[in-house]
Amino acid sequence: MPICEMDELPDSQRPVKRARLDGSASPQSAPLTPSKPTPEATALIPCEITPASASPARGAAATDLDREIRAGITEYVCPGNLGFSGVLKQRYSDFLVNEIGRDGRVVRLKGVGVGKGEDAKMGSKGEIEEKSTGVEGEQGRDGNDIKTENKALFKENIAGAEGAAEYQDDDENQDISDADLKTLRSVYGEDTTSGILKLVRSIRRHPEWKAKDFKAVISAPVTDKDTRTQAHRCLREIFPNMLESSMEQDQSIRIKAIPPAERGKKRKRDRNAGGGPDGRKGKLPWEEMGGEYLHFTLYKENKDTMEVIGFLGSMTKSGAKGFGFAGTKDRRACTVQRICVRRQTPQRMAQIGKQLYNAAIGDFEYQKHGLGLGDLVGNEFAITLRDCHFEKEEGLDFAQRLQLANDVLSKAVMDFAEKGFINYYGLQRFGSFTTSTDAVGMKLLKEDFKGAIEDLLIYSDDALAAANSTETDPALLVSSDDRARAKAIHIWKTTQDGNAALKIMPRKSTAERNIIQHLSSRNSRTKAYDRIKDYKGALMTIPRTLRLMYVHAYQSLVWNVVAGKRWTMFRDRVTEGDLVLVNEHKDKEEGAPEKAEDVIDQDGEIVINPTGDDSAIKDEDVFERARALTKEEAESGKYNIFDVVLPQPGFDVEYPRNAIGDFYKEFMGSERGGGLNPHKMRRSWKEISLSGAYRKLLAKPLQPLSFEIREYVKDEEQFIETDLQKILREQGGQETANGKAKDNGQKMDVAEPKQESEAAKIAVVLRLQLSSSQYATIALRELMKAGGLKAFKPEYMGGRNAWGVFIQASVRTDDMLLR
């Protein structure tokens, strides 16, 4: 399912009041040293986790630890390592995320817009290649020199809607110039040139004839792309509004007459009607540019991916569905990712990009294919943890604390890179407020639709009190949206006046609005207001992505609890009955054929493997399957703990054939597990009928970690330069790496100076790469230990289901499963 991984739910807005740490009175309060789980917590077995209806009190020092235990996040790979605490995301630039494409390259923002004097010949993988303006030509995407004369053609093609060239009708008796004749012969050869001239003379003699009445001219195959481009161009220039050309499958060029209605007239270019970059409809112009899809790099800060996509969609009139991307990224962060849109020009998108706030686009490139969810290897994180404190630092001076920090991090990073971490689903998977999303999902699976709606319409008494309060400076700050939501639900529950509730309910509370609107609406068939108990109908009005998040959250809870149980029972030992993915380990099976290295058959012909409908691969092999290891296989040494997978419960998965398989029944059949049967996951409501999937038990970073220990005094000090700041600095448009941009419309992330304390503090900068199925917060948890990670949050308390603010974000690719 979704996200970069999105390591927090998006904030509803920039904080407008002073901020505090979740779990402390203010950022200046006494530092919290990391703590191991309490004896009471460690004594909990997974089946004894707090019931779903209970919710830990906000503001308590152990809030995050309690929530981790409740979500089944209990174990560590290296529990004996010392931990440390630190503040995460105090500034947007403290959390940098760069997407890693399918080719393994990290996406960087290299330029904003389309540079002056550039023809925007795009390089691959999010980078604009260097241009040469000399007579030698320039380097193209395929590494071949592109003649300088073709540069003008490229400019003309990408101009799109920027303007229309003035075409003058040829006089019927006008002869072709010697220079043009020479050009035609050099490109097409003598025979094809002769055929073109005959076709032109025929068109001039019979201007009323239809295009199909003239015999088309077919050239010899033209394999060189630059030559093909020149061939199309010279026809447009020499015979404007008379001939059109297209490429055949054998790379020959078909030349035919333009319809009579368009001859001798200016050819308008319609950038919104699916026309090509030169205004012509059809595939040809886009193919010559590289493809119909324009890929570009998006940089954003403190914005959801879908927020930016929605704006771009409204400006291009293609809607958000017109754009493709591999996954959404964090809101409270500075992120870089690739986006694609169909049949748009760099110039137009660059103009739209100038209207973005706290975001920028650039590095344009045409490609034949778009982007879809999951089209990424993972993400690279550059994370700054501020005001760090380390276990056993009491009584040490600052120099000794720095040495301790280095010792603790060196050991933690070495073990992390070698031994990995338990691949838990992060807390954001389960929501942050009153009712957890897995509790709603569990009730959906139990087909307790009334109970699911009751959970979705829970609000905090504090939020309602704040909504009814007239205090101008309340002790407990509650956001306006939380107040409005609590008041709207209270009105509905006490009066069942849907109209009154909906007038107050915030627009972003999508699930709550849809439920109340349905329950209070008139039945279109009976014309009566009889939907008050149509709970399933109300749930069906919630967007599908959100409904699926609820049931997936329940699957994630089960997976977390089982993963913890698996680790406590067997640690890193592969045991009989453990599951491994079939396709990943086919070469290890007894009697498995060796991989063929030759691609040439006995007759010297190249072997072509069939694909698609012509393939002999069975349908079941297309999907990921898992199988249990025998005792001999488990003891053979061919498999290690990083090969072991655990299933999410569903009707189409294999369960481990050992004690862990039995534990699925034990936990899911318990009160906390909802009294469900892992072997009976089909439901009459097909949408919540879970097929299941597999997830690796342990995970490793894609590359070894690196860390820096930094000393600082001022809280506004920035330690990592963002991609956009680097560009602005290189262009001379920025005073400092953490200053404000000059004359560029980009508002940089600058915190207000704080004067309360001048004491030196320690910051830790971590750089790591994780796959799209891994959570950065879970990786940090393994490094920092329990209670160490302190998220910097606005001083607003909650009062809503956390997923309600997330519906616009569609699906998060970092939750993409291995299925």
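Residues are numbered from 1 along each chain as its sequence is written, and side-chain values use heavy atoms, with hydrogens and water left out. Because the model is predicted, local features need pLDDT of at least 70 and side-chain atom pairs count only at pLDDT 80 or more, whereas totals for chains, interfaces and linings use all residues.

The protein has 22 helices and 22 strands. Helices (H or I, at least four residues) and strands (E, at least two) are DSSP runs, numbered from the N terminus. Of the 819 residues, 53% count as buried. Buried means under 20% relative accessible area, exposed over 50%, and partly exposed in between (1.4 Å probe, protein chains only). The accessible surface comes to about 37,700 Å². Carbon and sulfur atoms hold 48% of that surface. Areas come from the Shrake-Rupley method with a 1.4 Å probe; for residues, only the protein chains shown count as cover. Among contacts (heavy atoms within 4.5 Å) with a separation of 6 or more, 78% join residues 24 or more positions apart.

The largest nonpolar core has 112 residues. Such a core is a set of buried Ala, Val, Leu, Ile, Met, Phe, Trp, Tyr and Cys residues joined through side-chain atoms within 4.5 Å. L385, F390, L444 and L539 have the most contacts inside the largest core. Helix 17 (residues 544–570) gives the most to this core, with 14 residues. Leaving aside residues up to four places away in sequence, L539 touches L444, F449, A452, I453, L456, R547 and W685.

An open sheet of three strands has the order 6-8-7, with antiparallel pairing. Two strands pair if DSSP finds at least two bridges between them. Strand 6 (217–218) and strand 7 are the edges, each pairing on one side only. Helix 5 (residues 225–238) packs on the sheet and touches strand 7 and strand 8. The direction of helix 5 makes about 165° with that of strand 7. Helix 4 (residues 178–205) lies across strand 6, strand 7 and strand 8, at about 15° to strand 8. Axes are lines fitted to C-alpha atoms, for helices over the stretch in contact, and angles run from 0 to 180 degrees between N-to-C directions.

Strand 7 (residues 243–247) and strand 8 (residues 253–257) pair over five bridges. M247 has I253 of strand 8 as its bridge partner. Five residues lie between the strands of this hairpin, where Q251 takes a positive phi near 70°.

Positive phi also occurs elsewhere. E447, not a glycine, has a value of about 60°. E447 lies in the loop between helix 10 (437–445) and helix 11 (449–456). At 38% relative accessibility, E447 is partly exposed. Q496, also not a glycine, has a positive phi of about 55°. Q496 sits in the loop between helix 13 (480–495) and helix 14 (498–504).

In helix 20 (residues 659–668), I660, G661, F663, Y664, F667 and M668 are buried. Seen down the axis, these buried residues fall within an arc of 155°, so they line one face of the helix. The arc is that of the directions from the helix axis to the C-beta atoms. The buried residues of helix 20 pack against helix 17 and strand 17 (644–648).
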